[in-house]
Amino acid sequence: MTRSTFHYVTYIRTTPERLWSALTTDAEFMKQYWFGTHCESKWTAGSSWKMVSLDGGVTDAGEIVEAEPPRRLVIRWRHEKNPELKAEGESLCTMEVEPSGSAVKLSIIHTIEREPTRLIGAVSGGWPKIISNLKSLLETGSVVLNDSGKN
């Protein structure tokens with residue numbers, strides 16, 4: 001089967017535990033770097049997962065496939081808002097957190113079992129903005145991009 005993949009790696013000066021919290025359980029912190037959006041889940045394998053926009057709408061939903069705090073998170077992910085992206089079906093988003101000296105290596109691999117795909121095009125534009133904001137917020141206390149990254 002054909003697969004499309006987006007892979008993003010960055011290093012953040014923080015701890016694995018603090019990064020895990022920022023990526024998962026701290027919704028108020030998440031809203032700061034994700035342009036008002038946050039995720040909701042119990043963050044355990046088999047639990048439901050959803051991304052909630054600033055207006056309260058669900059933009060993406062799915063299920064937690066794996067959760068090994070503070071090291072690995074795998075989410076079965078389906079876009080819900082744009083009909084064309086929703087029609088592409090489920091994707092898989094894997095986040096891996098590894099200590100690296102005084103920093104933490106964050107790897108995000110987002111895949112879908114199809115090609116061509118508009119979803120991977122969409123996430124490849126979104127993840128760098130979101131993770132740049134996350135990195136800046138953790139390291140400096142403020143984000144680099146406001147207003148959905150249109151700066």
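The legends below describe close-up views of a predicted model of one protein chain.

**Figure 1**
The protein chain has four helices and seven strands. Read from the N terminus, the elements follow the order β-α-α-β-β-β-β-α-β-β-α. The radius of gyration is 15 Å, close to the 15 Å that the globule rule gives for 151 residues, so the protein chain is as compact as a globular protein of that length. Along the principal axes, the C-alpha atoms fill a box of roughly 40 × 30 × 25 Å. Of the 151 residues, 43% count as buried. The protein chain exposes about 7700 Å², and carbon and sulfur atoms supply 49% of that area. Among contacts between residues at least 6 apart in sequence, 46% join residues at least 24 apart.

**Figure 1. Strand S7 and its two partner strands.**
Strand S7 covers residues 103–112, and eight of its 10 residues are buried. Which way does strand S1 run relative to S7, parallel or antiparallel? Strand S1 (residues 4–12) and S7 run antiparallel, and nine bridges join them. In this pairing, Tyr 8 stands opposite Ile 108 in S7. Strand S6 (residues 91–100) also runs antiparallel to S7, with 10 bridges between the two. Here Glu 96 stands opposite Ser 107 of S7. S6 and S7 form a hairpin with two residues between the strands, where Gly 101 takes a positive phi near 65°.

Ile 131 lies in helix H4, which spans residues 118–140. Is Ile 131 buried or exposed? Its relative accessibility is 1%, and a residue under 20% is called buried, so Ile 131 counts as buried. Leaving aside neighbours within four places in sequence, Ile 131 is in contact with Tyr 8, Thr 10, Leu 106 and Ile 108. Ile 131 and Val 9 are 122 residues apart in sequence, yet their C-alpha atoms are 9.4 Å apart in space.

**Figure 2. Aromatic rings that pair.**
How many aromatic pairs does a search of the whole structure find? The search finds six aromatic pairs. In one of them, the ring centres of Phe 6 and Tyr 8 are 6.2 Å apart and the planes meet at 20°; planes under 30 degrees apart count as stacked, so this pair is stacked. Phe 6 and Tyr 8 are both buried. The rings of Trp 49 and Trp 77 have centres 4.6 Å apart and planes at 40°, so that pair is tilted. Trp 49 belongs to strand S3 (residues 48–52) and Trp 77 to strand S5 (residues 72–79), so the pair links distant parts of the chain, 28 residues apart. Trp 49 and Trp 77 are both buried. Ring pairs also join Trp 49 and Trp 77 into a cluster with Phe 29, Tyr 33, Trp 34 and Trp 127.

Thr 37 is found in the loop between helix H2 (27–33) and strand S2 (38–41). With a relative accessibility of 11%, Thr 37 counts as buried. Not counting residues up to four places away in sequence, Thr 37 touches Met 30, Lys 31, Met 51, Val 52 and Ser 53. S2 and S3 run antiparallel and are joined by four bridges. The two strands form a hairpin with six residues between them, and Trp 43 in the turn has a positive phi of about 60°.

**Figure 3. The buried side of helix H1.**
Which residues of helix H1 (residues 16–23) are buried? The buried residues are Pro 16, Leu 19, Trp 20, Ala 22 and Leu 23. They cover an arc of only 165° around the axis, which puts them on the same side of H1. An α-helix has 3.6 residues a turn, so residues three or four places apart point the same way.

How values were computed. Residues are numbered from 1 along each chain as its sequence is written. This is a predicted model: local features need pLDDT of at least 70, side-chain atom pairs count only at pLDDT 80 or more; totals for chains, interfaces and linings use all residues. Side-chain values use heavy atoms; hydrogens and water are left out. Rings of Phe, Tyr and Trp (its six-membered ring) pair if their centres lie within 6.5 Å; planes under 30 degrees apart count as stacked, over 60 as edge-to-face and the rest as tilted. Buried means under 20% relative accessible area, exposed over 50%, partly exposed in between (1.4 Å probe, protein chains only). Contact means heavy atoms within 4.5 Å. Two strands pair if DSSP finds at least two bridges between them. The radius of gyration is taken over C-alpha atoms; the globule rule is 2.2 Å times the number of residues to the power 0.38. Accessible areas come from the Shrake-Rupley method with a 1.4 Å probe; for residues, only the protein chains shown count as cover. The arc is that of the directions from the helix axis to the C-beta atoms.
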